[in-house]
Amino acid sequence: MSSRLDLHVHTTASDGLWSPARVVQEALARGLRYLAITDHETTRGAIEAIAIARGTPLEVIPGVEISVSSPEGEIDLLGYFVDPTHSDLLRLLEGMQAERVERIHAMAERLAQLGMPVPWERVLERARGDVLGRPHLARAMVEQGYVADEAEAFRRWLGHGRPAYVPRRPVDPREVLSVIRAAGGVSVLAHPGRSGLPRNLEGLWRAGLAGLEVFHPDHSPDDIARLMAIARTYDLIPTGGSDFHGPGPDGRILLGTMPVPAHTVDRLRERCPRR
Ligand SMILES: [Zn+2]
């Protein structure tokens, strides 16, 4: 096991609190060897981080995290070693970003109907032109004093099935798996301990899923043991990362703190389609 890699990291390009430059700086200070930038539905943060880390001992792996539909609800797929400017990938991501703006706007309208108007300009300002997400809305709610923190915003209003929740348009996981592959990348199922293992895991595996995110801050030791067994059964690569979005409410910085099997990066690289 090694703590010198983190394969699940967000930046301000999506809903992270730190810029790609700040994340790279911290990863270098912590002596990391590999860092995968996996922003939600954009590769802009990865592109920036790669440029910044050039010439340093840190290798930044271009990644992306994409939500897809499953019989149990939404699940997240992580793509690694994608060409971050591949036209098929960019087309898919641009469509999803446009849909995000519509959806978050619809949720803001629900909040207004519930007596909690948030200034839409502020929400957009917080996202600074990058990929919009529910955390931006949650942070605006905190600012307006409707909730004490982001967690309360999700628990009471924005989470699945809560009063201001608006579901996403369904996204076929097979399409996303095939676009990640077309962009030269390899796909991993994100935090299945938190979102639950989808019943169609075998279907995803047949459609090209190559890995399972076993090591994640939300996973208990039991989750890890169970997921390791499943990874072995399907010959899926066990991966891991901190799912870093910035310092936690307690000020803790989890970047690079999840122990991940040392050869994970080589194994992922080996499974990428040849370009
Ligand atoms: Zn994530």
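**View 1. The pairing of strands S6 and S7 around Phe 215 and Gly 240.** Phe 215 has Gly 240 in S7 as its bridge partner, and strand S6 (residues 209-215) runs parallel to S7, to which four bridges join it. Strands pair here if DSSP finds at least two bridges between them, and the elements themselves are DSSP runs, with helices (H or I) of at least four residues and strands (E) of at least two, numbered from the N terminus. From strand S7 (residues 237-240), Ile 237 and Thr 239 point one way and Pro 238 and Gly 240 the other way, and all are buried; a residue is buried if 20 or more other C-beta atoms lie within 10 Å of its own, exposed if 12 or fewer, and partly exposed in between, with C-beta atoms placed from the backbone. The model is predicted, so local features need pLDDT of at least 70 and side-chain atom pairs count only at pLDDT 80 or more, whereas totals for chains, interfaces and linings use all residues. Residues are numbered from 1 along each chain as its sequence is written.

View 2. Strand S2 (residues 34-37) runs parallel to S3 and is joined to it by four bridges, with Ile 37 standing opposite Pro 62 in S3. With strand S4 (residues 73-80), S3 pairs in the antiparallel sense over eight bridges, and the two form a hairpin with two residues between them; Ser 67 has Asp 76 in S4 as its bridge partner.

**View 3. The surroundings of Leu 77 and the nonpolar cores.** Leu 77 touches Ile 66, Val 68, Pro 173, Val 176, Leu 177, Ser 187, Leu 189 and Ala 190, not counting residues up to four places away in sequence, where contact requires C-beta atoms, placed from the backbone, to lie within 7 Å. The largest nonpolar core has 54 residues, and those with the most contacts inside it are Leu 35, Ala 49, Val 60, Leu 77, Tyr 80 and Leu 189. Apart from it lies another core, of 18 residues, among them Ile 104, Ala 140, Met 141 and Ala 164; such a core is a set of buried Ala, Val, Leu, Ile, Met, Phe, Trp, Tyr and Cys residues joined through C-beta atoms within 7 Å.

View 4. The 27 residues of H3 should span 39 Å at 1.5 Å a residue, which agrees with end C-alpha atoms 40 Å apart; the expected span is 1.5 Å times one less than the number of residues. Buried in H3 are Leu 89, Leu 92, Leu 93, Arg 100, Ile 104, Met 107, Ala 108 and Leu 111, and the buried residues of this helix pack against helix H4 (120-127), H5, H6 and helix H7 (173-182). H3 is followed by Gly 115, whose phi is positive, near 85°.

View 5. In helix H6 (residues 150-158), Ala 153, Trp 157 and Leu 158 are buried. Seen down the axis of H6, its buried residues fall within an arc of 60°, so they line one face of the helix, the arc being that of the directions from the helix axis to the C-beta atoms. These buried residues of H6 pack against helix H3 (87-113) and helix H5 (134-143), whereas the face turned away from the buried side carries the exposed residues Ala 151 and Arg 155.

Key: Two residues are in contact if their C-beta atoms, placed from the backbone, lie within 7 Å.
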